[in-house]
Amino acid sequence: MESKEEAGGPDAPGLCCASFNQDTTSLAVGNKTGYRLFSVTSVDKLDCVYESESPDVYIVERLFSSSLVVVVSQATPRRMNVYHFKKGTEICNYSYSNNILSVRLNRQRLVVCLEESVYIHNIKDMKLLKTLLSTPPNPSGLCALSINHSNSYLAYPGSATIGEIIVYDANNLNTVTMIPAHDSPVAAITFNASGTRLASASERGTVIRVFSIPEGHRLLEFRRGMKRYVNISSLSFSPDSQFLCASSNTETVHIFKLEHPTPSGEESSPTWSAYVGKVFSAASSYLPAQVSDMMNQDRAFATVRLHVFGQRNVCALATIQKLPRLLVASSDGQLCVYNLDPHEGGECVLAKRHRLFGSDKERGALEEPQPDTAAPAQSCQSYAATVATSGATPSSATLTGYSEDGGAMKGEIIPEHEFAAGPVCLDDENEFPPINWCRDGTGTGKGRRA
């Protein structure tokens with residue numbers, strides 16, 4: 001959610017922007033009075049780890065749980081500032097030829113998206129590695145960067161009139177594939193944690209599709225609704241890619257279960273629903289293609305009814321206190337935490353609602369948690385532990401990428417192109433973020449122009 005539209009005076013609680021970090025352990029929000037970084041590792045308590053009074057921030061992105069944060073304000077929309085917020089210092093700044101619309105980060109790359117160009121930087125020293133010029137008009141700055149440092153793929157719209165998606169290898173700096181995802185322009189895209197799946201939705205907002213990466217093959221298709229077109233504002237995979245959530249400008253958030261077809265040699269239990277499903281599947285082969293596709297599309301596994309609708313929001317799936325949760329940050333300045341039943345699905349239960357701006361007392365939870373209907377914590381270690389069957393996707397703990405308990409020794413820098421050597425962890429109290437120097441070695445504090 002990155003919107004410059006804001007109602008009310010300078011003290012209005014509404015958000016200009018909100019974004020979860022790469023592993024959904026932190027939430028960054030900005031409004032007219034400044035920006036804040038929150039830890040979202042607990043349901044009942046929302047800890048503000050940093051607060052800045054920089055006004056009119058409309059982009060704020062944090063690199064995992066490190067102290068590196070990227071900020072863009074409406075006062076200087078063509079300049080990106082990179083800060084070490086714990087030290088209170090600016091690492092560097094870059095200026096571009098037009099307004100910055102979005103910024104994406106992972107352990108190897110920092111991507112800046114303008115309306116008709118994309119800039120790819122090496123995050124270690126902020127060196128500009130590649131400029132993708134004359135990209136199709138992209139007024140919303142739509143793009144996605146996979147968080148896995150060995151599958152560092154970038155996705156952005158390949159057309160302004162139809163739903164084409166370009167997948168670009170941000171490590172090797174070459175185009176991988178073009179995916180003809182939808183008939184109408186793309187409105188939302190996201191990668192899973194391992195960088196092997198890409199989900200997308202079009203401006204119509206009725207169908208959500210999942211593709212294999214890097215091949216670009218369509219794997220799954222979900223129907224969000226049939227009665228009306230909506231604006232999909234957010235897509236997010238669960239840490240182990242077993243679920244996908246989608247939020248829009250309506251009052252409903254949909255959660256889809258990414259189940260793969262049962263092998264032909266295995267017969268499922270003879271239930272009535274299975275029998276009806278087989279009948280519909282057989283009948284669909286005699287129907288027109290559009291009707292057949294609609295009958296083969298899966299519906300939502302679980303849903304959430306928001307307390308308000310018509311507002312922009314960003315959603316994410318996370319494992320918090322060993323249970324699966326859905327997080328929804330909305331432009332009215334609230335974060336809602338819902339419990340997800342990974343076995344039965346259905347209507348998710350509101351566990352807690354937090355206010356994101358105001359004093360510490362005002363930011364207290366707005367609603368007491370409802371009783372947990374999920375399994376006890378000790379028997380529900382993660383999404384994978386609760387829903388995985390034999391041969392299922394590995395849990396987030398086995399995925400290559402960032403983790404809190406591994407990586408470089410104190411004082412080391414990330415080796416160049418060491419993409420498959422394992423996760424990286426920074427000690428923020430003794431080590432600068434993974435940027436060596438980005439002021440041309442002068443030390444004068446002057447920024448660069450891209």
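Predicted model: local features only at pLDDT ≥ 70, side-chain atom pairs only at ≥ 80, totals over all residues.
Modeller: Residues are numbered from 1 along each chain as its sequence is written, and side-chain values use heavy atoms, with hydrogens and water left out.

Colleague: Is Ser73 buried or exposed?

Modeller: Buried means under 20% relative accessible area, exposed means over 50%, and partly exposed is in between (1.4 Å probe, protein chains only). Ser73 has 14%, so it is buried. Pro239, at 22%, is partly exposed.

Colleague: How do I read a nonpolar core? Which residues touch the most other members of the largest one?

Modeller: A nonpolar core is a set of buried Ala, Val, Leu, Ile, Met, Phe, Trp, Tyr and Cys residues joined through side-chain atoms within 4.5 Å. The largest has 22 residues, and Met80, Ile100, Val103, Leu110 and Val112 touch the most other members. The elements giving two or more residues to this core are β5 (57–62), β6, β7 (79–84), β8 (89–95), β9 (102–105) and β10 (109–113). A second, separate core has 20 residues, including Val314, Ala318, Val337 and Phe357.

Colleague: How many disulfides does the count come to?

Modeller: A disulfide is a pair of cysteine sulfur atoms within 2.5 Å. By that rule, the count is zero. Take Cys143: the nearest cysteine sulfur, that of Cys113, is 4.5 Å away, and Cys143 is in no disulfide. Cys143 is buried, with a relative accessible area of 4%, and Cys92 is buried at 0%.

Colleague: Now sheets. In what order do the five strands of the open sheet come?

Modeller: Two strands pair if DSSP finds at least two bridges between them. Here the order is β21-β22-β23-β24-β28, with mixed pairing. β21 and β28 (346–347) stand at the edges with a single partner strand each, so one side of each has no neighbour in the sheet.

Colleague: What joins β22 to β23?

Modeller: Four bridges do, and the two strands run antiparallel. Ala246 stands opposite His254 in β23, and three residues lie between the strands in this hairpin. On the other pairing, β21 and β22 are antiparallel over five bridges, with Ser247 in β22 as the bridge partner of Ser234. Pro239 sits in the loop between β21 (232–237) and β22 (243–248). The hairpin of β21 and β22 has five residues between the strands, and Ser241 takes a positive phi near 65° there.

Colleague: Which way do the residues of β22 point?

Modeller: In a regular strand, side chains alternate between the two faces of the sheet. Phe243, Cys245 and Ser247 point one way from β22, Leu244, Ala246 and Ser248 point the other way, and all are buried. With six of its six residues buried, β22 is largely enclosed by the rest of the structure.
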